[in-house]
Amino acid sequence: MEESSAHQIKSICVFCGSNLGKNAKFVEAANNLGKVLAKRKIHLVYGGGSLGLMGCVSTAAHVGGSQVLGIIPTALAEGNFVGKTVGEELRVPTMQDRISKMLDNSDAFIALLGGIGTLEEIFQIASWAQLNIHHKPIGLLNVDGFFNKLLSFLDQAEEENFIPHSARQIFISASTAEEMVDKLEDFVYKPDPVATQLDWSKGNSSKKRKMDLSLHL
């Protein structure tokens, strides 16, 4: 893959909690993010349903005029665990299919406040960026310092040589939706030199050339 340059973003995938959390600022931030996406004519991709912050951001974007796509595993949709999806719904067989479809349908990613599921999704997308599978920008919307400790952990992991500097730079952080979208649009992908040796277009791994395995995973 070639190095990416700053670009206009047409769709953003938002990962966030199916709970509202205890801080009223979190709901306000989710609603504002949806409004900002609509104002800037950016489509929203999310995990489906209408509960918690997922419902807030999707409803605000939809009401504001954005196209909204909820991608949800059939088991969750049919079990009525997360409420009715806002906008268009795409049902997929598995959680892995869900994240793959999110990647296919999005130009960038934002993690709002959330728990294990939110962290799993944003880190999987970041891992794929580190492995040079995609060059799409990834942001942590750090409302009221929610992600401060996570950002400190990433800094420590870099200091301890578990995360290369190129991978640490994958994570963009901002405290407001407006600043976040601006940073995502200005992002320039700088891949790890080792990761550029990976060729994901080849299905037969036996034919892949040998590479320097110094890439930190």
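Asp 144 sits in the loop that links strand 6 (138–141) to helix 6 (148–159), with helices (H or I, at least four residues) and strands (E, at least two) taken as DSSP runs numbered from the N terminus. The model is a predicted one, in which local features need pLDDT of at least 70 and side-chain atom pairs count only at pLDDT 80 or more, while totals for chains, interfaces and linings use all residues. Residues are numbered from 1 along each chain as its sequence is written, and side-chain values use heavy atoms, with hydrogens and water left out.

Most residues other than glycine have a negative phi. With a relative accessible area of 48%, Asn 161 is partly exposed (buried means under 20%, exposed over 50%, partly exposed in between; 1.4 Å probe, protein chains only).

A further loop residue, Ser 106, lies between helix 4 (95–105) and strand 5 (108–111). Ser 106 counts as buried because its relative accessibility is 1%. A polar atom of the Ser 106 side chain lies 2.7 Å from the backbone oxygen of Met 102. Beyond neighbours within four places in sequence, Ser 106 is in contact (heavy atoms within 4.5 Å) with Ser 11, Ile 12, Cys 13, Val 45 and Lys 136.

Turning to helix packing, Asn 32, Leu 33, Val 36 and Leu 37 of helix 1 meet Ala 177, Glu 178 and Val 181 of helix 8.

Key:
Polar contact = N/O pair within 3.5 Å; in protein donor to acceptor, adjacent residues only side chain to side chain.
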